[in-house]
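Open the model in your viewer and keep the sequence panel beside it. The stops below say what to select next and what is there.

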Amino acid sequence: PAVLTASLGRDGGPRFTLEADLGGVGVRLPGLGQMKPRGDAGAISLTGVMGPGLALRDIVVDAGRLQLRGTADLTAEGQLTAARFGRIAIGEALASSLVLAPGAAPRLEGGWLDLLALGELAEGGGTAAPDPGSEGPEVTLALDELRLTPRLAIAPGAGMLRPNATPLIEVAGRINGGSPATLAVVRAEGGMAARLIAEDAGQALRDSAYFTGGAGGRLTLTLAVEPGGGATGRMSIQGISVRNSQTLSRILSIASITGVLESLTTGGLYFDTVEAPFRRSGGQLTLGEARATGPSIGISMSGVYDETADRLDLSGVLSPAYLLNGLLGNVPLVGDILTGGRSGEGIFGIAYSVRGSASDPDVAVNPLSILAPGVLRNIFRRAPTPSPDMPSNDAFPPDANAPPPPVPTGPRFTRQDR
């Protein structure tokens, strides 16, 4: 049902108000899916002033997840000349302004888009493939924030949302207002997946407040957003130096690895590769079997970082002189026995743990673990957290600037060498 009320304005021009019930209407957005099922409550209201054209004011749309507030102007023939919705909201996923103009793509200006909240739309099929025959327009994005997690955002971010294409979203901007980065979002089974690339990994980690001791390197962060707001991801870094890390310094100091400690506090420790699978849910970041390998040292780590309480519960193995330490570790069968078959761990390794406040954690090292083969070394540490599965990188557009795969840190024996 709808109610239309007309009157003459003070200037003699016709005016009208329209109020309509949208209960019997289903509302969908191309590429994002259902906003309001048919039968759920909804309403639209507006005021119109007729003159040379038609001015629509006080437009209010309440359609389930979709909320609109704004104005529009049309010609006498009904063609749109301009529209601005000072508020467009999609549940907890989007709060922005929408600008429409003839001959231009719709534009979202300011406000924020929350990727985890957008992933929750998958519960209702919100991120499924576009409807057959659906032709949603491309949307220009000029956002204050595009949030990946509560601690990580592209701010500001500019790019495109393409409902009928892959990737769904492409944005360039700065990580928490600092280091430059690019972000691509694609549809994935059960939700969405995102890939963030930063050409300065050390600066990106500082800007996200996860690690302050890195310099240089190239970071690729892949994140699978799940229904309900959880996320599974993998961080990969190539070619990063670590300097003045207080926690790592304490581990090296307690373990009496002086040469590596001196490098850490002067020129820095260089790591060829860092691989860190993780899962984030309910304010907790669970680290899988993460590893960092370089000529001087190899490190493995797993455990939990409670973001809400800012507390760590991590453990792993530190392998000094990794280049030489890895020689026998790369021999088939023998190396698996001596290292436990874990990448990032050499023959000689020292088990460690880091627990407590993230700003000043307790560090413990078990010196006896250096004498144990890898298959026995796990006696001295907690069982590592399993690495989560990730969607294939083939889901994303090719990364034209990706460097070639790194050369392994130590020699690698092949079947023919046996």
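Select strands E21 and E22: a hairpin of three residues joins them. Strands here are DSSP runs of E with at least two residues, helices are runs of H or I with at least four, and both are numbered from the N terminus. This is a predicted model, in which local features need pLDDT of at least 70 and side-chain atom pairs count only at pLDDT 80 or more, while totals for chains, interfaces and linings use all residues. Residues are numbered from 1 along each chain as its sequence is written, and side-chain values use heavy atoms, leaving out hydrogens and water.

E21 covers residues 284-293 and runs antiparallel to E22, with eight bridges between them. Two strands count as paired if DSSP finds at least two bridges between them. Pick threonine 286 and look across to E22, where its bridge partner is valine 304.

Now select residues 297-306, which form E22. Seven of the 10 residues in this strand are buried, meaning under 20% relative accessible area; over 50% is exposed and anything in between is partly exposed, with a 1.4 Å probe and protein chains only. In a regular strand, side chains alternate between the two faces of the sheet.

Serine 302 stands opposite serine 315 in E23. Four residues lie between the strands in the hairpin of E22 and E23, where aspartate 310 has a positive phi near 55°.

Next, go to glutamate 92, in the loop between strand E8 (80-90) and strand E9 (94-100). Is glutamate 92 buried or exposed? Glutamate 92 is exposed, with a relative accessible area of 63%. Leaving out residues up to four places away in sequence, glutamate 92 touches Trp112, Asp114 and Ala117; a contact means heavy atoms within 4.5 Å. Select glutamate 120 too: 28 residues separate glutamate 92 and glutamate 120 in sequence, and their C-alpha atoms are 9.3 Å apart.

Then select isoleucine 169. Beyond its neighbours within four places in sequence, isoleucine 169 has contacts that include Leu113, Leu141, Met160 and Val185. Ile169 is also one of the residues that touch the most other members in the largest nonpolar core, which has 80 residues. Such a core is a set of buried Ala, Val, Leu, Ile, Met, Phe, Trp, Tyr and Cys residues joined through side-chain atoms within 4.5 Å.

Finally, show the whole chain, with seven helices and 25 strands. Of its 418 residues, 46% are buried.
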